[in-house]
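User: I would like to learn how to read the features of a protein model step by step. Could you take me through one, giving the general idea before each case?

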Amino acid sequence: MWLNFLALLPSTVLTVLLIAIAFLRFYDETDFEFLGLITQPRVWSNGCTVAALVATLANFGVEWNRRNRETNRLAEEAQRRATEEQRRDEAEKRRIREEQRRMAQERADESRRAETRERQATRTRIETRCRLAEIRYQLNPTEANRQDLADILAVLKEYGEIP
């Protein structure tokens, strides 16, 4: 609050000094009786002019400071918005990376499950073929069935199913 009041002071003093200079320069006691109390209006007018210049410089400094503070505030606000936007972008990128990683993990899991199912299906086919060959040989012990059984045993040894 005091800072706002002090910021108004130089411009207010400048206005009062300019009015005083005008009264002292352009009017005399015939226009205003109280100007008869001042013995040397030109000297007082010159003093008021110097004071007005000082007040103008003070007002310039106050305005310069106010504009710099406003510029800094706007720059900080822009920086804060940019930082927030960057934080949101990073969070979105992180979410996308996490989603991609999760999807890749799901694909890898599905691939492993499919591979496991395929191995299981292959194993089941080999076991079924082996049992069929054994049953055929037990029902009809011919040379052709014996050869099928030997072929199946060779496949099992190849895949490491039997020692």
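Analyst: Let us start with a salt bridge, which is a side-chain nitrogen of Lys or Arg within 4 Å of a carboxyl oxygen of Asp or Glu. In this predicted model, the side chains of Glu 127 and Arg 123 meet in such a bridge, with 3.1 Å from N to O. Both residues lie in helix α2, four residues apart, which is about one turn of the helix; helices here are DSSP runs (H or I, at least four residues), as strands are (E, at least two), numbered from the N terminus.

User: What should I know about the numbering and the limits of such a model before I go on?

Analyst: Residues are numbered from 1 along each chain as its sequence is written, and side-chain values use heavy atoms, with hydrogens and water left out. Because this is a predicted model, local features need pLDDT of at least 70 and side-chain atom pairs count only at pLDDT 80 or more, while totals for chains, interfaces and linings use all residues.

User: How do I read pLDDT, and in which helix is the confidence lowest?

Analyst: The term pLDDT stands for the predictor's confidence in each residue, from 0 to 100. Where pLDDT is low, the predicted coordinates should not be read in detail. The protein averages a pLDDT of 85, and 94% of the residues score at least 70. Confidence is lowest in α1, at a mean of 76, and highest in α2, at 91.

User: Are Glu 127 and Arg 123 buried, exposed or partly exposed?

Analyst: The general idea is a scale of relative accessible area, on which buried means under 20%, exposed over 50%, and partly exposed in between (1.4 Å probe, protein chains only). Glu 127 is partly exposed because its relative accessible area is 30%, and Arg 123, at 39%, also counts as partly exposed.

User: How many salt bridges does a search of the whole structure find, and what do other cases look like?

Analyst: The search finds 19 salt bridges. One of them joins the side chains of Glu 85 and Arg 88 at 2.7 Å, N to O, and these two residues lie three apart in helix α2, about one turn of the helix. Glu 85 is partly exposed at 38%, as is Arg 88 at 44%. Another links Arg 102 with Glu 99, whose closest N and O atoms are 2.3 Å apart; because they are three residues apart in helix α2, about one helical turn separates them.

User: How should I read the length of a helix such as α2?

Analyst: The expected span of a helix is 1.5 Å times one less than its number of residues. The 99 residues of α2 should therefore span 147 Å, and the end C-alpha atoms are 143 Å apart, which agrees.

User: What is a nonpolar core, and which residues make up the largest one?

Analyst: A nonpolar core is a set of buried Ala, Val, Leu, Ile, Met, Phe, Trp, Tyr and Cys residues joined through side-chain atoms within 4.5 Å. The largest here has eight residues, namely Leu 14, Leu 17, Ile 21, Leu 24, Leu 35, Cys 48, Ala 52 and Ala 55. Helices α1 (2-26) and α2 (41-139) each supply at least two residues of this core, and α1 gives the most, with four. A second, separate core of six residues includes Ile 126, Leu 149, Ile 152 and Leu 156.

User: Which residues does Ser 45 touch?

Analyst: Contact means heavy atoms within 4.5 Å. Not counting residues up to four places away in sequence, Ser 45 touches Ile 21, Leu 24 and Arg 25. Ser 45 lies in helix α2 and counts as buried because its relative accessibility is 0%.

User: How is an aromatic pair described, and what is found here?

Analyst: A pair of aromatic rings is described by the distance of the centres and the angle of the planes. Rings of Phe, Tyr and Trp (its six-membered ring) pair if their centres lie within 6.5 Å, and planes under 30 degrees apart count as stacked, over 60 as edge-to-face and the rest as tilted. The whole structure has one aromatic pair: Phe 60 and Trp 64 are tilted, at 5.7 Å centre to centre with 45° between the planes. Both of these residues are exposed.
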